[in-house]
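Please keep the structure in view while reading.

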Amino acid sequence: MKKNKNPWQIIVTIVSFIAFLFVLLLLSPWIYIKNRIWGRKLRKKIKVRLKEYDGKIIFLYGEYHTFDFVSYFQQHHPEITCFEVPNHPPTDPFITYLNARNPPKSLPQLAKIIDEYPLRKVHYNSFKHYVRRKKDTDSFYELIERSIKNLKEEV
């Protein structure tokens, strides 16, 4: 047999639910405005970096790669900037932007920023084929050289 609830318990339950809705109503605009401001700041940071690298070629490689890409690019192509993409979510919004909408197997890759949009050349399969399987780094670097040449010719 069920006992009837005390009328005060019902009133307390209703008042606490109304208080919860009131707090939610007060916090929702604050959360919305905070996210809008945070989003604007991120977009501004990304736009500044995109303008900084407009027309330049960027090389992205994964943190998990044990292969030394940086020394090659410093010797042969000092104008190309190398960015290491960490395994965990990156804290740099620019790297997040460059790596957005990429399939999981997309690193290493070359990207050229043209009018604030990255044009990408993914070299995952060529890296896997030449460097890991055949142990032929020269062929991989020739392919990278051709990609750099093609990206430089892009307008």
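Q: What makes a residue count as touching Leu 110, and which residues are they?
A: Contact means heavy atoms within 4.5 Å, and by that rule Leu 110 touches Ile 57, Ile 58, Phe 59, Leu 119, Arg 120, Lys 121, His 123, Ile 144, Ser 147, Ile 148 and Leu 151, leaving out residues up to four places away in sequence. This is a predicted model, in which local features need pLDDT of at least 70 and side-chain atom pairs count only at pLDDT 80 or more, while totals for chains, interfaces and linings use all residues. Residues are numbered from 1 along each chain as its sequence is written, and side-chain values use heavy atoms, with hydrogens and water left out.

Q: What is the order of the strands in the open sheet, and why is one side of E2 and of E4 left without a neighbour?
A: The 4 strands follow the order E2-E1-E3-E4, with mixed pairing. Strand E2 (81–85) and strand E4 (117–122) stand at the edges with a single partner strand each, so one side of each has no neighbour in the sheet.

Q: Why is His 76 called partly exposed?
A: Buried means under 20% relative accessible area and exposed means over 50%, with partly exposed in between (1.4 Å probe, protein chains only). His 76, which is found in helix H2, has 46% relative accessibility and therefore counts as partly exposed.

Q: What makes a set of residues a nonpolar core, and which members of the largest one touch the most others?
A: A nonpolar core is a set of buried Ala, Val, Leu, Ile, Met, Phe, Trp, Tyr and Cys residues joined through side-chain atoms within 4.5 Å. The largest has 15 residues, of which Phe 59, Phe 69, Phe 73, Leu 110, Phe 140, Ile 144 and Ile 148 touch the most other members. Its largest share, 5 residues, comes from H5.

Methods: Pairing = 2+ DSSP bridges. Helix = DSSP H or I, 4+ residues; strand = E, 2+ residues; numbered from the N terminus.
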